[in-house]
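Dear colleague,

I would be grateful if you kept it open while reading the notes that come after it.

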Amino acid sequence: MLGWFTAGPNPDHALLAFRQVSEAMGRTHWYLRALRDGDAMAERLARILSSSRYTVDLMMRAPQSAGMLNDAESLAPRDRGEILAEMRASAKRHKELEVAVEHIRAVRRRELLRLGMADILGLIDLPTLGVGLSELVSATIDATLEVVRRRFDWSPRLAVIALGRWGGCELAYASDADAMFVVEDSDHPEAMKIATQIVSEVRSVLAKAGPDPSLDIDVDLRPEGKGGAMVRSVTSYRAYYGRWSSTWEAQALLRAAHGAGDQDLSAALLDDIDRLRYPAEGISRQQVHEIRKLKARMEVERIPRGSDPLRNTKLGPGGLSDVEWAVQLLQLSNAAEVPQLRTTSTLAALAAAEQADLITPDDAAALRDAWTMASALRNAILLLRGRASDTIPSDAREVSAVAQLIGYDKGESSIMMDEYRRRTRHARQVMDHVFWGLE
C-alpha cells in the first residue's frame, strides 16, 4: 500500500492513520483479507487515509465503517427517509434523552463519513453532495425533535423552515443549519412556552460538544434577528412579514424551504411568504440600493484583516457571495414573471435566469464556474484539515493537497490557482454589471 499512500496528498498522515485503523480493527477477517488480496477496498482506504483528516477522525470513532469501502454501492448517499427511519429506531430503544440523541448523532457521523469518502473517491458530484448533506441535517433535526417531544405530555405541532444553504440543498461540510421555527396557532395557554422549550433543547443537544460532530442550528435570520422571538406562530409570522419585514429578509426568504417537523405547517407559512420573496412588481430602486449597500458593507467588515481577499472563497471578489447575491437580485426582480426562478437552489435559479434571457449564456457560465469551484475548494479544505476555512491555504503542501482533492494531478497546484483566479475574475466582471449596474 506504500505506493498508494505516496500517490495521495499526505503520505505521512496516511501511514499514521493506517496504523491506527489497523490496530483498532485487530484480526477482523474481512479487513485482513482485503489488505492481503490488495483489492479495490485497500486502494480506496489508502486514498482516504492520505487525503483527509476529517474522514479519518470520523472513521476512528467506528473503524469497522471502513467496510463501506468494499464496493461503490455502499458509498451511495442514502435518502432522507431511510436515514430518518434508522435514527428513529436507534433512538427509540433509549429512554434517556442524552443517550437517544447520542445514537442519532452516531448515525449522522456514519453518514457524514459515507459522503466524505464518496466525495474523495470521485463517486459523487458537488450537487449530489450538497443534497446529501442537507437531507442528513433534515433527518437529524426531525429525529431529535421527536425525541425531545417525548418529555412532554402534550406539545403543539412544530415545523422547521430551512434557510441559507440548507434551504437551497447546497450545504457544505462545515455549514451551520440556518433555520426558523414555526409553531401552530393554538388556544393552549402553554403552547408557546412548550414550543420554545423544545426548540431550545433541540438546539442544545445537537450543538453539545462530544465524540460525534455537533450540529449548530443558527436562528439569526429569524424576524428581528438576534433580538426576535425564537419561535413564532404562523399568524405571528404573517403579521410581521406583512407589516415590518425588511428587504434583507425578503432576500433571505428566497432560500426558505421545509426543513423538518410538520410539513403542513411549513407549507402554510411558505405559501404566505411567496408574495414577499417573489414581489409582484419586482423590487424598487431603493430596495436595490439597500441590497447593494449591505453587500458592500459585508465585503469590508467580514473578510479577516490581513488576509488576501483574492484567496477568500466566500467573500472574495468573484466568490460564493458575489454569485449568490447576483442571482438573488435577479430572483427578487423577476421571479413574479418567471416562475422558474422560484427555486431555492442557486444553480437552478441561474439556469432559469439564463433560459429567460435575463443573463447571457457566457455570463451564466462564468458565475456557475466560479461558484462550483469555490464550493469544491471550501469542502476540500475542510476534508484536508479537519476544520473549516474560507481561505485557500498559503502553504504550498496544503495547496497541493487541496488541488488533488478537487481533481488535479500531483504538482498541478499552480494550474489550479491560475484557474481559480481566472474563474473568479470573470465572475466579478459579471457581478459588476449584473449586480452593481456598472457598464
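Predicted model: local features only at pLDDT ≥ 70, side-chain atom pairs only at ≥ 80, totals over all residues.

**The largest pocket**

The largest pocket has a volume of about 1,100 Å³. Its lining is made up of 31 residues, and those that lie nearest the centre are Asp 178, Leu 221, Arg 255, Arg 302 and Lys 314. By class, this lining comprises 13 charged, 11 nonpolar and seven polar residues. Several helices take part: at least two lining residues each are supplied by helix 9 (164-167), helix 12 (247-252), helix 14 (285-302), helix 15 (320-334) and helix 17 (361-385).

The largest cavity has a volume of about 40 Å³. Among the residues that line the largest cavity are Leu 254, Arg 255, Glu 324 and a run of residues from Thr 343 to Thr 346, namely Thr 343, Thr 344, Ser 345 and Thr 346. Helix 15 provides the largest share of the lining of the largest cavity, with four residues. Six residues of this lining are polar, two are nonpolar and two are charged.

The second largest cavity has a volume of about 30 Å³. Its lining consists of Leu 163, Met 180, Leu 221, Tyr 241, Trp 248, Glu 249, Ala 252 and Leu 253. Here the largest share, three residues, comes from helix 12. Seven of the lining residues are nonpolar, one is charged and none is polar.

**Arg 378**

Arg 378 belongs to helix 17. Is Arg 378 buried or exposed? Arg 378 counts as buried because its relative accessibility is 16%, and the cut-off for buried is under 20%. Leaving aside residues up to four places away in sequence, Arg 378 touches Arg 165, Thr 313, Lys 314, Leu 320 and Asp 390. Along the chain, Arg 378 and Ala 388 are 10 residues apart, and their C-alpha atoms are separated by 7.6 Å.

With kind regards

Technical notes. Residues numbered from 1 in each chain as written. Heavy atoms only, no water. 1 Å grid on protein atoms, 1.4 Å probe; cavity = no way out; pocket = protein on both sides within 12 Å on 5 of 7 lines; lining within 4 Å. Points joined across faces, edges and corners; volume = space filled by probe spheres on them. Nonpolar A, V, L, I, M, F, W, Y, C, P; charged D, E, K, R; others polar. Buried < 20%, exposed > 50% of the residue type's maximum accessible area, 1.4 Å probe, protein only. Contact = heavy atoms within 4.5 Å.
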